[in-house]
Amino acid sequence: MGKLLFEWDYSSYPGARRYPHLFKPIELGNLTIPNRIKYAATEDNLNGRDGFVTDAGVAYLRERAKGVVGGICTMQGVYMDEKRQGQGYVGQAAAWHDKFIPGLKRLADAIHEQRAVACCQLMHCGRVGAVEVDYCQGPSDVPQRLRIFRPVREMIKADIKQCIKEHVEATERLLKAGFDIVEISGIVGYLLSNFVSGYTNRRTDEYGGDIRGRMRFLVELIQEVKKVCGDVPLGIRLCAEELLDDVGGNTPEESMISYEMAEEAGVDFFSVTAGWQESIVPVISRDVPMGSWIHLAKRAKEHVKVPVQMAYRLFRPDLPNKAIGEGHLDFWEMCRSMIADPLMPKKVLEGREEDIRHCVACNLCLARLFRDAPMTCYINPVCAHETDPQFIDPRPAEEEKNIMIVGGGPAGLECAYVAARRGHEVHVYEKREELGGTLIEASQAPYGDEELFNCIEYQKAQCEKAGVTFHLGTEVTEELIQDELPDTVVLATGPVYSKGKGAGFDGENVVNVLDVLSGKATVGDKVVVWGNRKPGIGVALFLAKQGKKVTIVGKDRSAGFDVNPSFKWRYMIYLRQNGVTAYNDCDIEEIKGDEVMVRTYDGYRFPVECDSVVATEREANDSLKDAVQAEGIELFVIGDALVPRNLSSAVHDGYRIGIRV
Amino acid sequence: MSFNAEQEINRLWRGLHGAQDEIGRTYYRWRQAALEAAGPDAKPLDVSLRAAEIMGTEIGKAFLPRLNWLKGEEAWLMNLAKSYAGNWINHGAIVKLEKGENPFEVLIKWERCPWPTFAKEYGAEMEEDVLCCDRILQSILKDVNVFFDVNYKIETLKAIPRGDGECLRRLYKD
């Protein structure tokens, strides 16, 4: 029986009965971990550019440590060299000198304060690293496929020895800081994965050649770090499938050999991953169904004896619970799902799943990190604001108000429950008979968009618990405002759908995007979608999936201007695959019975055949503004009613006004 | 909804040709600036070859995400050749591709190219134009070869600036 750092008894919790496999102990090296929950290492860019841990970084991790309810909480990977060749993120923590130990200790202490197991990670970012240096390191100077990364400089043997030494010294510092588990990162294109992969390792010396040669560096590194770790469990995040077939990456068989060799070298657990940043197939975005990668954990379990952990689209507890029960997995790891809701596993344990704010797998968090911006979450407005008491624990209202929220979409509902929790009397008016606003229709779009509606389920549950009163099927008019005379009105009415300036926009063959997605409007076989932002892309794919010939005509320079780059590339591929033509930088000049005249930004014109036009262009919604102001009532306008944007803006707007009003 | 296709195509065509002309002129204006900045001892050919190398390397990097090895090496090679051709077609050249006699060999034929005309207009040597094109073409291959772990070469068999009437290059596996 391994050492138990903190006693936890889950027997009285409903979640432990519902998901018994998630809340049973497991041996990990010399430790006994009371449950199967792990917050996996996630960069957050919240630390100083000099590598020192900050208050923001500590507060961010403390919240996640609270969430794992006694399980493992991992800090972000540290870089270990003074030259910063291994640094992959501007706000990455460093461990190349003893001066960083006090900061690292703060992270370990913050985890221990929550009675969780503190895991640290060593991460040399290799060919995707070196943000502050004009070159990066790798086994061979194989050029980058993604141009955002630095040119690669081949490591000589002295570099390899130095790198091992730096891993060892950093481990010593992290252990001094109080961490209970050490993890090595060998995934997604970071240095160790570069050595293991046939794609990036073209060396002809003993560190190259076949998979055994390519594994030599990793094996030596594990052996040296293991010496320092002693009884402290040592694990590795390692790619089980690189998904780099197009450039000569490892085969699954080679990956499993790498697992066997790493185990033989001394690791006590594996974290299974799939794909690289350079892979051209989707791995973790919303279009990949949840649970798609469990087979990789199962395969790993067939090749190694030590525990196997995995994240990768396991956003619902039933999936890992089942996989653990069937012996395909040992630990449920979470990255993005605990960015979206740091307390997710705690809520699972307490039987409060309706309180979970689910990740929508948009990858905005990654897009931000790759662009040197601090972590943020599309769906969680509190993320990276954990040091701000106004965000993390909004003060009760100084004066209790009667608040009328007009619109039961994501902006209105977010604002409603936050304001109600602060003591306000909140009434949400929705002209339809159901809550959700435009998300009701938007979540009908293909490639995983149904997951977007989880946001409404969460907000609805929070509103109900906070005592928000819903007035469904009630359209707010000037008279209603005059009758109710609330202290505050929040207009969250959603956008107004634009009418084009050209002739023919009043025709019967012009239909609204919401009517199309809800099935209220029918369209012909040749459709022009007016607008090339996310609503346009969503409905274009929706119709193309029905076999229709779809053409997008939009004013933005490129389609999907409002979609973050980490997801946009998926949409571009799906548009191509579904035969959708997009004319960007264009507008519709005129609509006739069987064609539209398209005009480019610089005046060229050409006709496009079509039976129907779907209007998706939006503008701010000014209705009721004057009526509210005329009564001298405090007014806020949020979400698409203010400026048509996306779900994230609606939620963030709602939260910010909710804590302010 | 009156639409005069001929008129629209004409306007587009003029816009395209104007842009193509600007590409060539911009290059030679910068060449002139670089030569002036480099001083009287600088050799125009050295400066131009360095520029060609930078351009080739950059173009090669842009090729990497577009080339798909999973379609097989012959398809990959034809794709590479098409990428070469496309680059010059964008500048206003007429470029044709032919399979070579050997399996991994493609002949790229420039039936027309605007670059010798620009060279003449700005007083550059005709041979400089040939050598710069060669350098661009070879520099493109540098990253492509390493990335895909192959060894392809490109050689010039004929060149318009040398009076051959066409440029003919052989792209082949070594």
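Predicted model: local features only at pLDDT ≥ 70, side-chain atom pairs only at ≥ 80, totals over all residues.
Local features need pLDDT of at least 70 and side-chain atom pairs count only at pLDDT 80 or more, while totals for chains, interfaces and linings use all residues. Residues are numbered from 1 along each chain as its sequence is written, chains are lettered from A in the order in which they are written, and side-chain values use heavy atoms, with hydrogens and water left out.

**Interface of chain A and chain B**

- In chain A, 24 residues are in contact with 20 residues of chain B, contact meaning heavy atoms within 4.5 Å.
- The two chains bury about 1,900 Å² between them, 60% of it on carbon and sulfur atoms; buried area is the accessible area (1.4 Å probe) that two parts lose on being put together, summed over both.
- Across this interface the rule finds 3 salt bridges, each being a side-chain nitrogen of Lys or Arg within 4 Å of a carboxyl oxygen of Asp or Glu.
- Strands S23 (586-591), S24 (595-600) and S25 (605-609) of chain A each supply at least two residues of the side that touches chain B, strands being DSSP runs of E of at least two residues and helices runs of H or I of at least four, numbered from the N terminus.
- The residues on that side of chain A divide into 10 nonpolar, 2 polar and 12 charged, where Ala, Val, Leu, Ile, Met, Phe, Trp, Tyr, Cys and Pro count as nonpolar, Asp, Glu, Lys and Arg as charged, and the others, Gly among them, as polar.

**Salt bridges**

- Over all chains the structure holds 66 salt bridges.
- Arg147(A) and Glu58(B) meet through their side chains in a salt bridge of 2.5 Å, N to O.
- Arg605(A) forms a salt bridge with Glu8(B), with the closest N and O atoms 3.7 Å apart; this pair crosses from strand S25 of chain A to helix H1 (residues 5-38) of chain B.
- Arg605(A) and Glu8(B) are both buried, that is, under 20% relative accessible area, with exposed meaning over 50% and partly exposed in between (1.4 Å probe, protein chains only).
- Within chain B, Glu166(B) and Lys158(B) form a salt bridge of 3.3 Å, N to O; Glu166(B) is buried at 16%, whereas Lys158(B) is partly exposed at 33%.

**Cysteines**

- The structure holds 0 disulfides over all chains, a disulfide being a pair of cysteine sulfur atoms within 2.5 Å.
- For Cys335(A), the nearest cysteine sulfur, that of Cys365(A), is 8.9 Å away, and Cys335(A) is buried with a relative accessible area of 18%.
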